[in-house]
Amino acid sequence: MNGNQIEGLIGMTLTLGILVLLILPSLLGIVRERRVDRQIREAQEARGEKEAQKSSSRSTVPSTATWYAEGRRSKKLVSS
């Protein structure tokens, strides 16, 4: 190898090194975001299962008191 080839190899190596240094934080951020998204999705699925178990024992029809109170609230908003 002569001097020009060694200089070219060093330049190419430095260029690739700089490229890796620029891309590495982005790749690490993407990996971290995917991990966080997966954890959020798993937590939502677990919460959904718990709510499904709770809601199966509860009545889905609101009580008369709830229905009456909501009606009163809406009338107050309209009259004011």
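User: How much of the 80-residue chain counts as buried?
Analyst: Buried means under 20% relative accessible area, exposed over 50%, partly exposed in between (1.4 Å probe, protein chains only). Here, 0% of the 80 residues count as buried. Keep in mind that this is a predicted model: local features need pLDDT of at least 70, side-chain atom pairs count only at pLDDT 80 or more, and totals for chains, interfaces and linings use all residues. Residues are numbered from 1 along each chain as its sequence is written, and side-chain values use heavy atoms, leaving out hydrogens and water.

User: And how many salt bridges does a search of the whole structure find?
Analyst: Side chains of opposite charge can pair when their charged atoms come close. The cut-off is a side-chain nitrogen of Lys or Arg within 4 Å of a carboxyl oxygen of Asp or Glu. The search turns up one: glutamate 42 with arginine 38, 4.0 Å from N to O.

User: How exposed are the partners?
Analyst: Both are partly exposed: glutamate 42 has a relative accessible area of 45%, and arginine 38 has 40%.
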